[in-house]
Amino acid sequence: MNGPKIIFRIPIFGGIPVTETIVNCWIVMAVVIVISIWLGYGLKIRPESKKQIVAEKLVGMLYNLVEETMGKKFSSFAPYIGALFTMSITGSLSSLFGLRPYTADLSTTLSWAVLTSVMVWVFSIKANGFKGWLKGFAEPVPFILPINIIGEIANPISMSFRHFGNIATGMVITSLVYGGLATLSQTVLSFIPNTFINSIPIFQLGIPALLSIYFDLFGSFLQAFIICMLTMVNLSNTSSD
């Protein structure tokens, strides 16, 4: 199991590497954009098509989740939370179509976590002023100032490693089990003197599908939900700083 491969290099500044992570992310974004345009095309004031009903239902569920978690005054963050959830879930599920999930690359999840932290800092400064934001590190008592600073730095790191670790671990475990089952199939069937039967991967039928249901479906939805919930909680805490 290796990291993302370098697909090509952009011939400037000594060659900028473009990895599988970037290419697969752009492929997924293109698909998401096409589906979004299709869902948003030809909308009517009174819904007449199933497509519009589904689109309005999804948007309504998103805004309800954001308002229930963060409060109505943070409803403007719903598009960002929706984009974060969509990119997380589609990126993780892209493995079902043979693509290496870009969420199994730490650079992807770390960039999301850093972006969230920057947003938290900006809105905290906007709500409390720069001096109030700095003063918040020394509350409730100045003695815990170093702990608060470490916690502020550790927050994006923990968010990114949680998401990256779960997706990458699932990918590694699935690959190891799949390879082990292939070896087991060859070993068991090697006693049968028939080339066609020996080539049948009997132990690779069924078990990898069960692992895929857990790691690709359940794990992907769970990690997308967790990173969105952590983002909403961190952003909503800026109002009480």
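Is F123 buried, partly exposed or exposed? F123 is partly exposed, with a relative accessible area of 30%. Buried stands for under 20% relative accessible area, exposed for over 50%, and partly exposed for what lies in between, using a 1.4 Å probe and protein chains only.

The model is predicted: local features need pLDDT of at least 70, side-chain atom pairs count only at pLDDT 80 or more, and totals for chains, interfaces and linings use all residues. Residues are numbered from 1 along each chain as its sequence is written, and side-chain values use heavy atoms, with hydrogens and water left out.

**View 1. F77 and F123 form an aromatic pair.** Rings of Phe, Tyr and Trp (its six-membered ring) pair if their centres lie within 6.5 Å; planes under 30 degrees apart are stacked, over 60 edge-to-face, and the rest tilted. By this rule there are 5 aromatic pairs. F77 and F123 are edge-to-face, at 5.0 Å centre to centre and 65° between the planes. The pair joins distant parts of the chain, 46 residues apart. F77 sits in the loop between α2 (50-70) and α3 (78-93), F123 in helix α4 (residues 106-136). Helices are DSSP runs of H or I, at least four residues, numbered from the N terminus. F77 is buried, at 8% relative accessible area. F74, F77 and F123 make up one aromatic cluster.

**View 2. F161 and F164 pair edge-to-face.** The ring centres are 6.3 Å apart and the planes stand at 90°. Both residues belong to helix α5 (residues 145-189). They are 3 residues apart, so about one helical turn separates them. F161 is partly exposed at 45%. F164 is partly exposed at 22%.

**View 3. K51 lies over the face of W38.** The distance from the ring centre is 5.4 Å. The rule asks for NZ of Lys or CZ of Arg within 6 Å of the ring centre and within 35 degrees of the ring normal.

**View 4. The largest pocket has a volume of about 910 Å³.** A pocket is an open set of points on a 1 Å grid over the protein atoms alone, with protein on both sides within 12 Å along at least five of seven lines; lining residues have an atom within 4 Å of a point. The volume is the space filled by probe spheres set on the points. Of the 24 lining residues, L58, L62, G82, F85 and T86 are closest to the centre. Elements giving two or more residues are α1 (20-40), α2, α3 and α7 (207-236). α3 gives the most, with 9 residues. The lining has 19 nonpolar, 5 polar and no charged residues.

Notes
1 Å grid on protein atoms, 1.4 Å probe; cavity = no way out; pocket = protein on both sides within 12 Å on 5 of 7 lines; lining within 4 Å. Nonpolar A, V, L, I, M, F, W, Y, C, P; charged D, E, K, R; others polar.
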